[in-house]
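This briefing covers confidence, nonpolar groups and salt bridges in one protein. Please look at the sequence and the structure before reading the points below.

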Amino acid sequence: IALFFALPAEPPAWLGALAAVLAAALILVALRSRRRPLREALALALALLAGGMALAEARLLLVAAPILARTGTYRVEGRIIDLAPAPEGAKALLDQLVIQHVAAERTPATLRVNLRDAGDLAPGDRIRVLARLQPPMPPALPDGFDFARQAYLDGLGAVGFAFGRPERLAGAENALGLLLARLRASVAYRILSLRPDDGGAMAAALIAGVRAGIDQPTWRAMQASGLAHLISVSGLHMVLVAGSMFTACRWLLALIPWLALRYPVRRIAAVAALLAAAFYLGLSGSSVPTQRSFLTTAVGLIAIMVDRSPLSMRLLAWSALTVLLFSPESVLGASFQLSFAAVLGLVAFYESWRPRAEEDEAGQRPRSRPKPLLWRYLLGICATTLVASTVTTPLAAFHFQTIPTYGVLANLIAVPLTSFIVMPAGMLGLLLLPLGWDAPAFIVMVWGVDGVLWTARTVAGLPGALLTVQQWPFSAMVLLMAGGLWLALWRLPWRWLGLLPMALALLLVLLTRPPDLLIGTGLGMAAVRHADGGVSLIEWQKDRLTRES
């Protein structure tokens with residue numbers, strides 16, 4: 001998939017069909033080569049290579065939709081399919097569009113517009129608005145985040161802002177997807193009505209996946225402290241929801257002897273946890289990180305149902321393949337790479353401790369005195385954070401050019417707050433919401449969020465909390481990934497050979513010189529780097545995003 005997107009131009013569609021046929025043929029070759037491991041492995045590797053190319057091409061064909069041709073002011077009619085509160089109004093996602101002076105065959109499938117006054121609008125409502133629209137922007141920096149490509153894959157054909165208050169039209173709809181979007185918006189507005197500040201905005205992001213209300217200073221503090229992963233609804237939050245449901249159901253079912261002695265309550269609890277995780281997926285907006293986290297959690301719960309270990313490299317591999325099957329472009333994103341790299345490192349680390357634990361259980365090693373539960377928990381958080389931070393730091397440096405230095409300290413405080421106060425109180429608030437008794441639970445949740453934000457701002461204010469690095473070459477990133485995979489996947493002594501490409505990658509980073517001159521798209525802006533490290537900006541056209549980049 002990565003090779004496909006690295007091509008200088010999109011290949012013809014027939015090449016994808018040919019790659020799919022080739023992948024199927026190679027799989028047949030592998031199945032007939034079971035007694036020849038080398039030939040089987042080679043055939044499977046080539047099959048995956050061809051299959052990835054075919055999958056990426058199929059994804060592009062499935063999401064193909066028009067992009068707005070030029071920037072301008074348009075009269076727009078459309079249906080709201082998502083509404084997120086923002087610091088200055090709300091962000092609305094519209095479909096079923098009618099754009100003045102734009103032909104139907106050239107009209108985008110969806111567009112996102114910032115509303116200064118959303119009033120009492122809700123997903124499902126049809127509106128008419130005068131808006132300034134533009135096509136999604138290309139990368140502001142060479143090898144930077146390609147918002148235009150991601151928008152194309154998401155079916156987003158234009159972005160902009162509205163003039164004045166939108167006009168509500170007749171013909172509101174209440175489909176199942178819109179009902180989830182309506183519930184998500186109502187939960188977010190409910191939390192913000194109780195605490196219309198940074199804490200309320202972050203609580204709305206954790207429960208409803210609505211991150212538009214988080215301001216830039218909060219984002220920067222969370223990033224500098226190494227806590228940015230807590231904002232995105234991802235693995236930690238999904239596991240807390242599913243794990244809480246699994247534990248509660250298993251405990252309640254075990255209290256009924258007749259049921260516990262006749263039926264596998266562990267499997268029943270896993271089914272209930274899977275349903276709870278699916279509901280949280282829909283409520284939180286089904287973003288790509290949340291989809292990935294749900295699929296990983298679902299594979300783990302299914303493993304429990306069939307009496308398999310839910311924590312293994314095979315689980316990680318199947319989860320990654322499942323995510324790439326539905327969203328192949330996610331392999332290019334920082335979210336996919338950071339989350340799977342962290343889990344890969346953690347599984348490899350704890351697998352290395354498994355032989356020691358088995359020796360302890362078999363009595364082959366002298367038993368040490370059991371440590372207190374609190375001490376073991378704190379030690380586990382420190383070890384987990386240290387391993388995950390070590391693995392993901394190179395990726396964060398490549399994608400964001402920043403390295404948080406006090407991540408272990410911040411996570412040591414913030415993760416327990418999130419695990420024991422923020423998420424449990426938020427889930428309780430959701431359960432009590434239909435009864436109107438949700439306010440105390442949501443207030444307690446925001447108190448926990450206040451503690452997380454205090455931690456983030458305090459740690460971010462420490463000297464040297466965030467190191468800024470120059471943009472790394474892509475070749476260094478490829479070497480780091482190859483070496484890291486070799487180091488983590490093998491369990492034999494030659495695994496340490498993975499350090500060689502990683503050392504070569506570090507050498508490439510040290511020898512790379514940052515550019516002396518950057519020129520913006522359309523010659524609208526330029527940045528000149530001086531010998532002392534300072535930068536001068538030359539602006540012919542004002543563009544905040546390009547300037548900040």
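pLDDT is the predictor's confidence in each residue, on a scale from 0 to 100. The model shown here is predicted. Its average pLDDT is 84, and 94% of the residues score at least 70.

**Confidence by element**
- Where pLDDT is low, predicted coordinates should not be read in detail.

**Nonpolar cores**
- The largest nonpolar core holds 75 residues, of which Met222, Leu227, Met445 and Val452 touch the most other members.
- Beyond its neighbours within four places in sequence, Met445 contacts Ala203, Leu206, Ile207, Val422, Ala425 and Gly426.
- Another core, of 21 residues, lies apart from it and includes Tyr74, Ile80, Leu94 and Leu121.

**Surface patch**
- A nonpolar patch on the surface is formed by Trp251, Leu252, Leu255, Ile256, Trp258, Tyr263 and Ile268, with about 770 Å² of accessible area together.
- Trp251 is in helix H8 (residues 235-254).
- Trp251 counts as exposed because its relative accessible area is 56%, and the cut-off for exposed is over 50%.

**Salt bridges**
- The structure has 16 salt bridges.
- Asp117 pairs with Arg165 in a salt bridge, with the closest N and O atoms 3.8 Å apart.
- This pair links distant parts of the chain, with Asp117 in the loop between E3 and strand E4 and Arg165 in strand E5, 48 residues apart.
- Glu167 and Arg128 form a salt bridge at 3.0 Å, N to O.
- Glu167 lies in strand E5 and Arg128 in strand E4, 39 residues apart.

How values were computed:
Residues numbered from 1 in each chain as written. Predicted model: local features only at pLDDT ≥ 70, side-chain atom pairs only at ≥ 80, totals over all residues. Heavy atoms only, no water. Core = buried A, V, L, I, M, F, W, Y, C linked by side-chain atoms within 4.5 Å. Buried < 20%, exposed > 50% of the residue type's maximum accessible area, 1.4 Å probe, protein only. Contact = heavy atoms within 4.5 Å. Patch = residues over 30% accessible without salt bridge, like charges linked within 9 Å, V, L, I, M, F, W, Y side chains within 5 Å. Areas by Shrake-Rupley, 256 points an atom, 1.4 Å probe, with all protein chains shown as cover. Salt bridge = Lys/Arg side-chain N within 4 Å of Asp/Glu carboxyl O. Helix = DSSP H or I, 4+ residues; strand = E, 2+ residues; numbered from the N terminus.
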